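Here are a few notes to read alongside the model, for anyone opening it for the first time. Have the 3D view ready as you go.

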Amino acid sequence: GGGPPQYDKIDATLVANEVVGRATNLLRLESDAPLDYKAGHVLALEVEKDDEWLRGPYTVTRATEKTFDVVIRVCGKKSEVMAAAPVGSRWRFGGKFHVPILEGLAPGADRVVCLSTGTGVGPVLGFCEAALEATDLKKLTVLASYRDAADVCCKDAVQRLCVLHPDRFECSYVISSTDGRVSAPRQLDAIGAVATPTT
């Protein structure tokens, strides 16, 4: 009712801009101000183009005390500007909304199944990286859904987790144009087949 959330604007510099899939980029921004973001936090991200600030909400993939990553889908003017931005360009960001994924785990959970669609796999993978290092979770399963096989993104991050944690991490791709939606009964039944009371 009161319009978009207000936030303090903090300056940042683009330090990496990597293509991680078809029409999909991973952006890494650095701030002089100390950060406290985690995978799943939502922030407002702004980039300047022709004296106009283009802005929108994005979900943090991973973060350090000085940097944060977001995965974007290139699908309009704002995201085209973001994807074309050179390293060293000036940006702004602010706000911290929603609960980080890791903080949303139920006490006593020892297995987690994450569902994602499109670039939503970014924060899921950031969560998995953190959880595999900081918790005793026995198994992390990701079902990542994309419209077409060519849309699959962040393959290097998935492969890295598979190699580093072969017994604790697994990822399956659900291609909605051929497999149906990730929420289809067949997909949910597959989750239920391996679920335990602590999933």
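The points below cover a pair of helices and then some salt bridges.

1. First, a word on what you are looking at: this is a predicted model. Please read everything below with that in mind.

2. Start with helix H2 (residues 121–134) and helix H3 (residues 155–164). Their axes come within 11 Å and cross at roughly 20 degrees. An angle under 35 degrees counts as roughly parallel, so H2 and H3 are roughly parallel to each other. The crossing of H2 past H3 is left-handed.

3. Which residues make the contact? On H2 they are Leu 125, Cys 128, Glu 129 and Leu 132, and on H3 they are Ala 157, Val 158, Arg 160 and Leu 161. Sorted by class, the contact of H2 with H3 has 6 nonpolar and 2 charged residues, with no polar ones.

4. Now the salt bridges. Side chains of opposite charge can pair when their charged atoms come close. Searching the whole structure turns up 16 salt bridges, and three of them are picked out below.

5. Arg 55 pairs with Glu 46, with 3.3 Å between the closest N and O atoms. Are these two buried or exposed? Glu 46 has a relative accessible area of 0%, so it is buried. Arg 55 has 43% relative accessibility and therefore counts as partly exposed.

6. Next, have a look at Arg 73 and Asp 151, whose side chains meet in a salt bridge at 3.4 Å, N to O. This pair links distant parts of the chain, 78 residues apart: Arg 73 sits in strand E5 (residues 67–73), while Asp 151 is in the loop between strand E8 (139–146) and H3. Asp 151 counts as buried because its relative accessibility is 7%, whereas Arg 73, with a relative accessible area of 33%, is partly exposed.

7. Glu 170 and Lys 139 form another salt bridge, and here the closest N and O atoms are 4.0 Å apart. These partners also come from distant parts of the chain: Glu 170 belongs to strand E9 (residues 169–175) and Lys 139 to strand E8, 31 residues apart. Buried means under 20% relative accessible area, so Lys 139, at 19%, counts as buried. Glu 170 is partly exposed, with a value of 31%.

8. The Arg 55 and Glu 46 salt bridge came up in point 5.

Key. Residues are numbered from 1 along each chain as its sequence is written. This is a predicted model: local features need pLDDT of at least 70, side-chain atom pairs count only at pLDDT 80 or more; totals for chains, interfaces and linings use all residues. Side-chain values use heavy atoms; hydrogens and water are left out. Axes are lines fitted to C-alpha atoms, for helices over the stretch in contact, and angles run from 0 to 180 degrees between N-to-C directions. Helices (H or I, at least four residues) and strands (E, at least two) are DSSP runs, numbered from the N terminus. Angles under 35 degrees count as roughly parallel, over 145 as roughly antiparallel, 65 to 115 as roughly perpendicular and the rest as oblique. A crossing is left-handed if the near helix is turned anticlockwise from the far one by less than a right angle, and right-handed if clockwise. Contact means heavy atoms within 4.5 Å. Ala, Val, Leu, Ile, Met, Phe, Trp, Tyr, Cys and Pro count as nonpolar, Asp, Glu, Lys and Arg as charged, and the others, Gly among them, as polar. Buried means under 20% relative accessible area, exposed over 50%, partly exposed in between (1.4 Å probe, protein chains only).
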